[in-house]
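Colleague: I am new to this model, so please take me slowly through one part of it and then show me how another part is held in contact.

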Amino acid sequence: MPKIFTPTNQIRLTNVAVVRMKKAGKRFEIACYKNKVVSWRQNVEKDLDEVLQTTEVFTNVSKGEVAKKEDLTKAFGNLSVEDICKEILAKGELQVSDKERHTQLDAIFKEISTIVADKCINPETKRPYPVSIIEKSMKDIHYSIKPNRNAKQQALEVIKLLQETIPLERAKMRIKISLQGKDAKKLKEKIMKLCPASSSTDVDGTETEEWQGDKLTLITCIDPGHYREIDEIIRTETKGTGRLEVLNLKESKDGEEILE
C-alpha cells in the first residue's frame, strides 16, 4: 500500500476558535480554544498555553497551512512567533458562527444587566431594580454590546445611559475614616464634600462622628466613584497616619442582604 503524503507545512486541528488578522497584504490566523479568547482579552486568563491550541501562525487554520517565515518577518518584523500570536490575539478578529456570536452577545448582555442591577438602586425607593427591569431598559435604549470589551466597563457606560431614562444611581459604599492631628478637622471638611447626604446621615453626609482628643473616627457613605480620590487625600495629606476602611461595598436597607 502506498504511503499517504502529508505536507510538512500542514497541521490538522479540531474544535478550534480562529482569530484572524490581515497585515502586509497577507492573512494570518491562530488556533485558539473556544471561550478562551475573550477571557484573555479581559485579562481573566493570563496563561497563553491555555488559549492557543498550538504556538503556530497559519495562513489558513482550517486547512492546516502554516505561514511562511518570510511572510511573518515582512508583516511583523523580528517578533518571535509567540509575540506574533499575542498581537493577533489582541488585535485580530475572532471568527465565530452566527449562532456562537448570538450566544456570546446574549451572555455578555445578561452579565452587564446583572452588574448594573447589583451596583445600582432606585433613588426614590432606595432599593435595587430586578435584573429583568434593567434588561428591558437596556433594550429600550437599544444598547449595542461590544464583544471585545469587558462587561464591567460596559456596565459603567450602561449606568450613565440608563440614568437619562429611569431613576438610577450607584449604591453607596460605606466606609470608616480615621484621622488624627491638628489638621483632622480641616481634612474632614475636605473629605465630606465628596460624601453625599442621605436620610440616614447628618446634613454633610456623616453617619457617625467620634472625637477622642485630636483623633477623629468617621463612618459615612460615598459614591464608589469617589473612593480613589478620598484614598489619595488620606494617604498624601496624613503621611500615613490616616486610615480608610471599607465596611460595606453596597449600602443596604431594612436588613437586605449586602452583595459585593
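Modeller: Let us begin with strand 8, which is joined to strand 11 (residues 243-248) by five bridges, the two running antiparallel; strands here are DSSP runs of E with at least two residues, and helices are runs of H or I with at least four, numbered from the N terminus. The model is predicted, and local features need pLDDT of at least 70, side-chain atom pairs pLDDT 80 or more, while totals for chains, interfaces and linings use all residues. Residues are numbered from 1 along each chain as its sequence is written, and side-chain values use heavy atoms, leaving out hydrogens and water.

Strand 8 is also joined to strand 10 (residues 215-222), again antiparallel, by eight bridges, and two strands pair if DSSP finds at least two bridges between them.

Elsewhere, the structure holds one aromatic pair, meaning ring centres within 6.5 Å. The rings of Phe-28 and Phe-76 have centres 5.3 Å apart and planes at 65°, so the pair is edge-to-face, a label for planes over 60 degrees apart. Because Phe-28 lies in strand 2 (residues 26-33) and Phe-76 in helix 2 (residues 69-76), the pair ties together parts 48 residues apart in sequence. Both Phe-28 and Phe-76 are buried.

Methods. Rings of Phe, Tyr and Trp (its six-membered ring) pair if their centres lie within 6.5 Å; planes under 30 degrees apart count as stacked, over 60 as edge-to-face and the rest as tilted. Buried means under 20% relative accessible area, exposed over 50%, partly exposed in between (1.4 Å probe, protein chains only).
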